[in-house]
Amino acid sequence: MDKKIKVVIATHKKYDMPSDKMYLPLQVGAEGKNDLGYEKDNTKDNISLKNPYFCELTGLYWAWKNLKEDYIGLAHYRRHFASKKINKKDLFNSVLTKEEASKLLNNTDIIVPKKRNYYIENLYSHYEHTMYIEPLDITGQILQERYPEYMLEFDKLKTRRSAHMFNMFIMKKDKLDEYCTWLFDILFELEKRVDNSKYDSFHARFYGRVSELLLDVWLNTKGYSYKEVKVISMEKVNWWKKGTSFLKAKFLGKKYGKSF
């Protein structure tokens, strides 16, 4: 039976998009912005106005509330799940296809990126050095109050050195319902407890960063199986700049000032 799969591609600008019909480009933070010609996240049930803080999560919220497919996913305009055959000269034809996704979903309900490894320090200390730690610590307080059964995995952020990052996944709708109900309950409470105005525009986007770390907390606590897929970037990553910025954060106390 043909699987109904829709993967939202969160974007804030015009960009080359995969041609596979599984993908749906979605303009995030669309409220009050010029129309890019894509589906917009300010229609129907939405939190588009929160985009300056929630980033791609406004796209996830829109997909969760408004799409009816059997499987729903999230990717980014410059970051995608990779096909088995990657052509470095033609990256847009190297993106995971619906046929490939369908085969993977025959054996699991969840697709996630391959884990990103942090060799020098654990997830918590990496966050503490590069970002402001207060939102993550308050997230732990919220979990302790509302979902104490997740604290074992949350505390492992202080020992684990790898994670499924980027807020990317494809999930069966019932799993997505479960995950998003849990995630947004936490994030909306976090919104009440942290004053965004104390941070600049880059660091005020901590909701998306916190949620990256919460995915494995949820997955591991639930014990759900998943399949990992490589991620490809449509643009070159400046690893030298990224590495030197990390060293400045770790040893000189200079927080990140932008994404890489």
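Colleague: Hi! Before we talk overall shape, what is the radius of gyration taken over, and what is the globule rule?

Modeller: Happy to start there. The radius of gyration is taken over C-alpha atoms, and the globule rule is 2.2 Å times the number of residues to the power 0.38. Keep in mind that this is a predicted model.

Colleague: Fine. What radius of gyration does the protein chain have, and what would a compact globule have?

Modeller: A compact globule of 260 residues would have a radius near 18 Å, and the protein chain has 18 Å, so the two agree. Along the principal axes, the C-alpha atoms fill a box of roughly 50 × 40 × 40 Å.

Colleague: How many helices and strands are there?

Modeller: The protein chain has nine helices and 11 strands. As for contacts between residues at least 6 apart in sequence, 71% of them join residues at least 24 apart.

Colleague: And what about burial and surface?

Modeller: Of the 260 residues, 53% count as buried. The accessible surface is about 13000 Å², with 49% of that belonging to carbon and sulfur atoms.

Colleague: How many positive and negative side chains are there?

Modeller: There are 47 positive and 35 negative side chains, and the centres of the two sets lie 6 Å apart.

Colleague: Let's go inside. Which residues have the most contacts within the largest nonpolar core?

Modeller: Those are Trp182 and Phe184, in a core of 84 residues. As background, nonpolar side chains in soluble globular proteins tend to be buried together.

Colleague: What does Phe184 touch, sequence neighbours aside?

Modeller: Leaving out neighbours within four places in sequence, phenylalanine 184 is in contact with Ile47, Phe54, Leu57, Leu60, Tyr61 and Trp64. Several names there come up again in helix α2, where the buried residues include Leu57, Leu60, Tyr61 and Trp64.

Colleague: Why is α2 described as largely enclosed?

Modeller: Helix α2 spans residues 57-66, and nine of its 10 residues are buried, so the rest of the structure largely encloses it. Among the buried ones are also Thr58, Gly59 and Asn66.

Colleague: Switching to strands: where is valine 7, and is it buried or exposed?

Modeller: Valine 7 is in strand β1, residues 5-11. With a relative accessible area of 1%, valine 7 is buried.

Colleague: Which residues surround it?

Modeller: Apart from neighbours within four places, valine 7 is in contact with Met22, Tyr23, Leu24, Gly73, Leu74, Ala75 and Ile170. Alanine 75 is 68 residues from valine 7 along the chain, yet their C-alpha atoms are separated by 6.8 Å.

Colleague: Nice. And serine 162, buried or exposed?

Modeller: Serine 162 counts as buried, because its relative accessibility is 16% and the cut-off for buried is under 20%. Serine 162 sits in strand β8, residues 162-163. Its contacts beyond four places in sequence are Lys115, Arg116, Asn117, Leu123 and Asp216.

Colleague: Last topic, backbone angles. What is phi of lysine 44, and of asparagine 167?

Modeller: Phi is near 55° for lysine 44 and near 50° for asparagine 167. In general, most residues other than glycine have a negative phi.

Colleague: Where do they sit, and are they buried or exposed?

Modeller: Lysine 44 is in the loop between β3 and α1, and at 67% relative accessibility lysine 44 counts as exposed. Asparagine 167 lies in the loop between β8 and β9, and at 2% relative accessibility asparagine 167 counts as buried.

Colleague: Great, thanks for the tour!

Note on methods:
Residues numbered from 1 in each chain as written. Predicted model: local features only at pLDDT ≥ 70, side-chain atom pairs only at ≥ 80, totals over all residues. Heavy atoms only, no water. Helix = DSSP H or I, 4+ residues; strand = E, 2+ residues; numbered from the N terminus. Buried < 20%, exposed > 50% of the residue type's maximum accessible area, 1.4 Å probe, protein only. Contact = heavy atoms within 4.5 Å. Areas by Shrake-Rupley, 256 points an atom, 1.4 Å probe, with all protein chains shown as cover. Lys, Arg positive; Asp, Glu negative; His and termini not counted. Charge placed at Lys NZ, Arg CZ, Asp CG, Glu CD. Core = buried A, V, L, I, M, F, W, Y, C linked by side-chain atoms within 4.5 Å.
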